[in-house]
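Please walk through this model with the viewer open, one selection at a time. Each stop names what to select and then what is there.

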Amino acid sequence: QHWAEVERHPRINPWQLRTLSAIMRCRTSDLGGHVDACTDCGNTRISYNSCRNRHCPKCQGKNREEWISKREAELLPVPYFHVVFTL
């Protein structure tokens, strides 16, 4: 409903617009789809393709949470500091 306003917003860059557009179109006919059919009962269902964007909660939310859990399991029980420097 407010997509036109989002596109014109001065603080949203083209990369963010592409990401938002992908998420908005995720699992809709815009991205195409395929028909799933059961060989036993003959029931058919249309499944639409996902955007596979890493920011999409429908596509990558579960994968992101699993990745974070695995990284947390690797941490030692000591305080950590994140330091970034350039040589």
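## Charged pairs, hairpin and cysteines

Start with Glu66, which is partly exposed, with a relative accessible area of 37%. This is a predicted model. Lys62 is exposed, at 59% relative accessible area.

Next, select Arg64 and Glu65. They form another salt bridge, whose closest N and O atoms are 4.0 Å apart. Arg64 is partly exposed at 38%, and Glu65 is partly exposed at 44%. In total, the structure holds four salt bridges.

Move to Gln60, in the loop between β2 and α3 (61–74). Is Gln60 buried or exposed? Its relative accessibility is 16%, so Gln60 counts as buried. Setting aside neighbours within four places in sequence, Gln60 contacts Arg52, Asn53 and Arg54.

Now show strands β1 (residues 33–37) and β2 (residues 44–48). They run antiparallel and are joined by five bridges. Gly33 has Tyr48 in β2 as its bridge partner. The two strands form a hairpin with six residues between them, and Gly42 in the turn has a positive phi of about 85°.

Arg45 counts as exposed at 55% relative accessibility, whereas Asp36 counts as partly exposed at 27%.

For the next stop, select Ala22, Cys26, Cys51, Cys56 and Cys59. These five residues make up the largest nonpolar core. Which residues does Cys59 touch, not counting those up to four places away in sequence? They are Cys26, Arg27, Ser50, Cys51, Arg52 and Asn53.

With the cysteines still selected, look at the sulfur atoms. How many disulfides does the structure hold? The number is zero. Cys26 is in no disulfide, and its nearest cysteine sulfur, that of Cys59, is 3.4 Å away. Cys26 is buried, at 1% relative accessibility. Cys56 is likewise in no disulfide; the nearest cysteine sulfur belongs to Cys51, 3.7 Å away. Cys56 is buried as well, with a relative accessible area of 0%.

Finally, select residues 1–87. UniProt lists this span, in an unreviewed entry, as "domain: Transposase zinc-binding". The end C-alpha atoms of the span lie 48 Å apart, and the span is 37% helix and 11% strand.

Methods:
Residues are numbered from 1 along each chain as its sequence is written. This is a predicted model: local features need pLDDT of at least 70, side-chain atom pairs count only at pLDDT 80 or more; totals for chains, interfaces and linings use all residues. Side-chain values use heavy atoms; hydrogens and water are left out. A nonpolar core is a set of buried Ala, Val, Leu, Ile, Met, Phe, Trp, Tyr and Cys residues joined through side-chain atoms within 4.5 Å. Buried means under 20% relative accessible area, exposed over 50%, partly exposed in between (1.4 Å probe, protein chains only). Contact means heavy atoms within 4.5 Å. UniProt positions are given in the numbering used here, feature names are shortened, and annotations may be inferred rather than shown by experiment. Helices (H or I, at least four residues) and strands (E, at least two) are DSSP runs, numbered from the N terminus. Two strands pair if DSSP finds at least two bridges between them. A disulfide is a pair of cysteine sulfur atoms within 2.5 Å. A salt bridge is a side-chain nitrogen of Lys or Arg within 4 Å of a carboxyl oxygen of Asp or Glu.
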